[in-house]
Amino acid sequence: MRLIIDCDPGNGIPGANVDDGLALALALAARPQISLELISIVAGNTSRDVGFAVASEMLKQSGYQVPVVAGAARALSEPPQPWRAYLDRTTDPTLTDLWRDLPAPPPHTPPAPTAAVAIGELICSHPGEITLAAIGPLTNIAHAMQLYPQLAQSLKELVIMGGVFNVEGYIKDTNFALDPEAARLVMNSGANITLAPLDATTQTMLTQADLERITRPDTPLCRYLRATTRPWIDYSRRTRRLPGCWIHDVLTIAWLLEPQLVRTEEYLVDVALEGGVTRGSSRRWRPGGLKLAVGMPAEQGKPVRIMQQVDNLRLLSLLENTLAR
């Protein structure tokens, strides 16, 4: 399987999620089943430049060689300042101490942002061959689709982590809400889309005991994951009152490797662009299933395969077995 991962990694950054890094690790370790041909970076969980530094350092420490390209530093329309102020806020010093023994990734100055072109060229030059995993805001993918109108139909598969439909406390998720215009454009593109919303990804769980077990092999990749994931699990336990941490983005790569660990159903999906509370939120309905559609625009795109139920034990087993190769 030929794969591109578009992401916003945060391994080693205080207060930043590490699920992108775990997803990258799963794809790297799954060779030859997966051939990871490009990593593109988008602003989201971390800023574009920090994400580029994290991905570059991860590859350096683990010994893998994959091209990394920089992409969008801000959303198509959404003002970046409120999001960056929220996502890059200074963490409580007592929680920052969780990362005290972990040096921050050294800064890497990214080259000119070329992600949209790199994504578009690779996919459109090999129609029907490339799978794209989008696990950050969809800005880079939207830019690529604007530049290459044939991209959606040229993709083999587009698997996305984003959206939320019925999770207590969540009206929207970060990936869709940070760039609603991009999310709507991509979701209505007509590509073959599989969506991993928070409804599915919050069924995942990684504890410290799980981490120790799955990173037991003494490899550079496992050592990197162990060191950078431990602080985040403790942070999640303290701030979210969970036994460990959700591993949202990992589900996209795991599904590509073992579709049976997730149950899916098909829905139509749209993303709201209006309203302070609802902007960036996602809605789903079954094709032909709406009882009242007065005032609704005509349907766009096509039904999306949405992940519904997750076998977390099987997911952790896949991680463990793949990293042990």
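Begin by selecting R84, which sits in helix 3, residues 80-87 (helices, H or I of at least four residues, and strands, E of at least two, are DSSP runs numbered from the N terminus). The model is predicted: local features need pLDDT of at least 70 and side-chain atom pairs pLDDT 80 or more, whereas totals for chains, interfaces and linings use all residues. Residues are numbered from 1 along each chain as its sequence is written, and side-chain values use heavy atoms, without hydrogens and water.

R84 counts as buried because its relative accessibility is 17%, the limit for buried being under 20% with a 1.4 Å probe and protein chains only. Next, show G44: its backbone oxygen lies 2.9 Å from the side chain of R84. Beyond neighbours within four places in sequence, R84 is in contact with A43, G44, N45, T46, S47 and R89 (heavy atoms within 4.5 Å).

Now display the largest pocket, with a volume of about 880 Å³. Among its 38 lining residues, N17, N45, L87, T174 and R240 are the closest to its centre. Helix 1 (19-29), helix 3, helix 8 (174-178) and helix 12 (220-240) each give two or more residues to this lining; the largest share, five residues, comes from helix 12.

Finally, move to the second largest pocket, of about 280 Å³. Select R184, D270, W285, M296 and P297, which lie nearest its centre among 16 lining residues. Helix 9 (180-187), strand 7 (262-271) and strand 8 (282-285) each give two or more residues to that lining, and strand 7 gives the most, with four.

Both pockets follow one definition: on a 1 Å grid over the protein atoms alone, a pocket is an open set of points where a 1.4 Å probe fits, with protein on both sides within 12 Å along at least five of seven lines, and lining residues have an atom within 4 Å of a point. Volume is the space filled by probe spheres set on the points, which are joined across faces, edges and corners.

Note on methods: Buried means under 20% relative accessible area, exposed over 50%, partly exposed in between (1.4 Å probe, protein chains only). A polar contact is a pair of N or O atoms within 3.5 Å; within protein, one must be able to donate a hydrogen and the other to accept it, and residues adjacent in sequence count only if both atoms are side-chain atoms.
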